[in-house]
Each structure stands twice: as C-alpha cells, then as structure tokens.
Amino acid sequence: NKNSVNVLFMGIDKNDVLTDLGYGKNGQADSIMVISLDTKTGKINILPISRDTMTDISVYSADGNYIGVRKAQLCTAYSYGASGKESCENVRQAVSRYLYGVEMSAYAAVDMDGVKVLGDAIGGVRLTPIETLEGTAITKGKETVLKGDMINQYLRRRDSDLGANSRRMLRQKQFVEAFASQAGNQVLSDFGKLAKLYNAASPYTVTDIGLSEVTYLASCCLTADVGKSIAYNYVSGETVMGERYMEFHSDKNSVFEAVLNTF
C-alpha cells in the first residue's frame with residue numbers, strides 16, 4: 001500500500017533513552033510494534049511483534065566492529081548500537097528483514113518514563129484491567145485510571161512462565177487502544193494538545209519523526225474514539241524455553257499472512 005506510513009514503535013527497558021552508554025549497554029526493546037497508517041483512508045493497522053521473536057539481527061562487538069548476522073531475540077537488536085539512533089536503526093533493519101523486506105518509514109523509541117509521562121499528560125488512562133497484578137492496586141475487572149507508576153506496572157510486569165509475555169502484550173494492546181482514544185479525543189477538541197504531548201515525550205524519546213510529520217499523520221487518521229477502530233494483526237508460533245531465555249519461534253506462513261493483512 002503506497003499510501004501507508006509504517007512507524008516502528010519500541011518501548012525500551014532503560015531509564016534514560018537519550019543517554020548513550022555504548023554497544024551492549026543501551027538496553028533492549030522490551031515492547032515492539034509496527035503501526036501502519038493509511039494516509040488516504042485513515043485506517044490504522046498495528047502489528048505487535050514479540051520481544052522474544054527469534055530472528056536474524058546484526059551483531060557488533062563492544063568496540064563497534066561488525067561481527068555478522070545471528071539468530072537471536074529481536075529485543076536484543078537494540079543493544080547493538082553506540083547511540084539511541086544506531087540502536088533504533090538496528091531494530092529497524094531486523095524488523096524489516098523479519099517482515100519479508102517491508103520498509104519502516106520511521107521509528108520512535110520511548111524509555112520507561114516516557115509512556116508514564118504521556119499517560120499523565122492526558123490525565124491518566126482509564127481502562128478495566130484484564131489481569132490482576134499482585135502487590136499493586138490493579139485488579140482484574142475493576143475500572144481504573146492508570147497514572148504514574150501504575151502505567152509502568154501494567155505495561156511492564158511479566159511473570160516467568162511461557163505465556164507471560166503474551167499476556168503482557170494483551171495488556172499493552174488494551175493500553176494503546178485506551179490511550180489512543182482518550183488522547184485522540186483531546187487532540188480533536190484542541191489540536192494544540194498534540195504539540196504539548198509531542199514536547200512532553202521528547203525528553204524520553206529517540207525518533208526520526210518531527211512534529212510536522214506527527215501533525216500530518218494525526219490529521220489523516222484521527223477520529224473520535226480512534227482506539228476502537230484500530231485493526232490488529234498477529235503472528236502465531238511457539239514459545240519455548242531456550243538455553244537461557246524465552247524464545248518465540250514464528251510460524252512462517254503466519255508472518256507472511258500478517259504482512260499481507262497489515263501492509
């Protein structure tokens with residue numbers, strides 16, 4: 001689809017994404033999704049990709065020398081960069097390779113505080129949790145306004161069983177839908193809110209998307225309660241325990257179907 005703009009979004013397990021610590025020390029892409037926006041029809045497709053997806057990534061040594069391509073968890077591709085920009089570009093390359101060469105138009109990587117700041121900037125994100133998180137005020141089925149650390153708890157908490165990341169991805173999906181609708185409705189009421197949100201996120205974000213581009217995409221795709229109209233596509237496969245970490249092995253036919261449905 002020549003009208004689509006494909007944005008690679010990454011949530012990074014690091015406190016300060018703008019501080020460059022060097023190869024192997026910049027954290028990992030804990031949450032990965034491709035947001036495809038059709039600028040002609042306004043339709044939004046989202047393809048979440050498991051952080052544990054085993055795929056080909058480019059690997060570099062601690063001093064920045066290119067080692068080669070290895071099959072590893074997709075999340076680790078972010079660590080192979082001396083800067084946030086290099087890390088994002090490495091994930092972008094790996095995701096494009098995984099999705100049969102589909103190009104990413106742009107990227108945005110947000111650190112652990114960034115999503116919390118965005119949620120607080122719209123007054124919190126109202127939703128009904130689909131899972132109870134022990135030790136928190138988050139209870140399944142009880143409508144809650146997520147603010148501050150509660151946002152990180154809901155988006156990041158993961159147990160150690162094989163299905164833990166899949167459950168977390170479902171919580172992230174729910175949060176994205178709720179945030180998109182609530183933030184989008186505020187922007188529709190006052191388009192100046194978009195610049196405020198962009199500026200609030202900037203200290204916590206590495207991106208190659210400017211405010212003018214965000215404004216253009218919003219003008220093409222924003223509708224009332226936009227989160228309810230987002231189409232999701234998924235890749236099926238098998239999660240197993242590898243030698244050291246969880247591994248998600250994608251069904252190749254499912255990947256191809258997801259590419260066709262999304263792009």
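This is a predicted model: local features need pLDDT of at least 70, side-chain atom pairs count only at pLDDT 80 or more; totals for chains, interfaces and linings use all residues.

Biologist: How much space is in the largest cavity?

Modeller: The largest cavity holds about 80 Å³. It has 13 lining residues, and S31, I32, P48, M169 and Q172 are the closest to its centre.

Biologist: Which elements supply at least two residues each of that lining?

Modeller: Those are β2 (29-38), β3 (44-49) and α4 (164-189). The most comes from α4, which gives five residues.

Biologist: And how does the lining of the largest cavity divide by class?

Modeller: There are six nonpolar, three polar and four charged residues in that lining.

Biologist: What about the second largest cavity, how much space lies in there?

Modeller: About 30 Å³. The residues lining the second largest cavity are E131, L133, R157, R158, D159, A164, R167 and R171.

Biologist: Let me switch to R168. Which helix is R168 found in?

Modeller: R168 is part of helix α4.

Biologist: Is R168 buried or exposed?

Modeller: Buried. The cut-off for buried is under 20% relative accessible area, and R168 has 2%, so it counts as buried.

Biologist: Which side chain does the side chain of R168 join in a polar contact?

Modeller: That of D30, at 3.3 Å. Setting aside residues up to four places away in sequence, R168 touches D30, R51, L155, R156, R157 and R158. One of those, R158, also lines the second largest cavity.

Biologist: Now for pockets. How much space lies in the largest pocket?

Modeller: The largest pocket has about 1400 Å³ of space. Its lining is made up of 46 residues, with F9, I35, A108, L118 and F179 nearest the centre.

Biologist: Which element gives the largest share of that lining?

Modeller: Helix α4 does, with nine residues of the largest pocket's lining.

Biologist: What's the lining of the largest pocket like by class?

Modeller: It has 32 nonpolar, nine polar and five charged residues.

Biologist: Zooming out, how many helices and strands does the protein chain have?

Modeller: Seven helices and 12 strands. The chain's radius of gyration is 18 Å, close to the 18 Å from the globule rule for 263 residues, so the chain is as compact as a globular protein of that length. Its C-alpha atoms fill a box of roughly 50 × 45 × 40 Å along the principal axes.

Biologist: What percentage of the residues count as buried?

Modeller: 49% of the 263 residues. As for contacts with a separation of 6 or more, 61% are between residues 24 or more positions apart.

Biologist: Last topic, T136. Where does T136 lie?

Modeller: T136 sits in the loop between β7 (125-127) and β8 (144-146). Its side chain reaches the backbone oxygen of L133 at 2.7 Å.

Biologist: Which residues is T136 in contact with, leaving aside neighbours within four places in sequence?

Modeller: Q153 and R157. By contrast, T41 is 41 Å from T136, C-alpha to C-alpha, and 95 residues away in sequence.

Terms used: Residues are numbered from 1 along each chain as its sequence is written. Side-chain values use heavy atoms; hydrogens and water are left out. On a 1 Å grid over the protein atoms alone, a cavity is a set of points where a 1.4 Å probe fits but cannot get out, and a pocket is an open set with protein on both sides within 12 Å along at least five of seven lines; lining residues have an atom within 4 Å of a point. Grid points are joined across faces, edges and corners, and a volume is the space filled by probe spheres set on the points. Helices (H or I, at least four residues) and strands (E, at least two) are DSSP runs, numbered from the N terminus. Ala, Val, Leu, Ile, Met, Phe, Trp, Tyr, Cys and Pro count as nonpolar, Asp, Glu, Lys and Arg as charged, and the others, Gly among them, as polar. Buried means under 20% relative accessible area, exposed over 50%, partly exposed in between (1.4 Å probe, protein chains only). A polar contact is a pair of N or O atoms within 3.5 Å; within protein, one must be able to donate a hydrogen and the other to accept it, and residues adjacent in sequence count only if both atoms are side-chain atoms. Contact means heavy atoms within 4.5 Å. The radius of gyration is taken over C-alpha atoms; the globule rule is 2.2 Å times the number of residues to the power 0.38.
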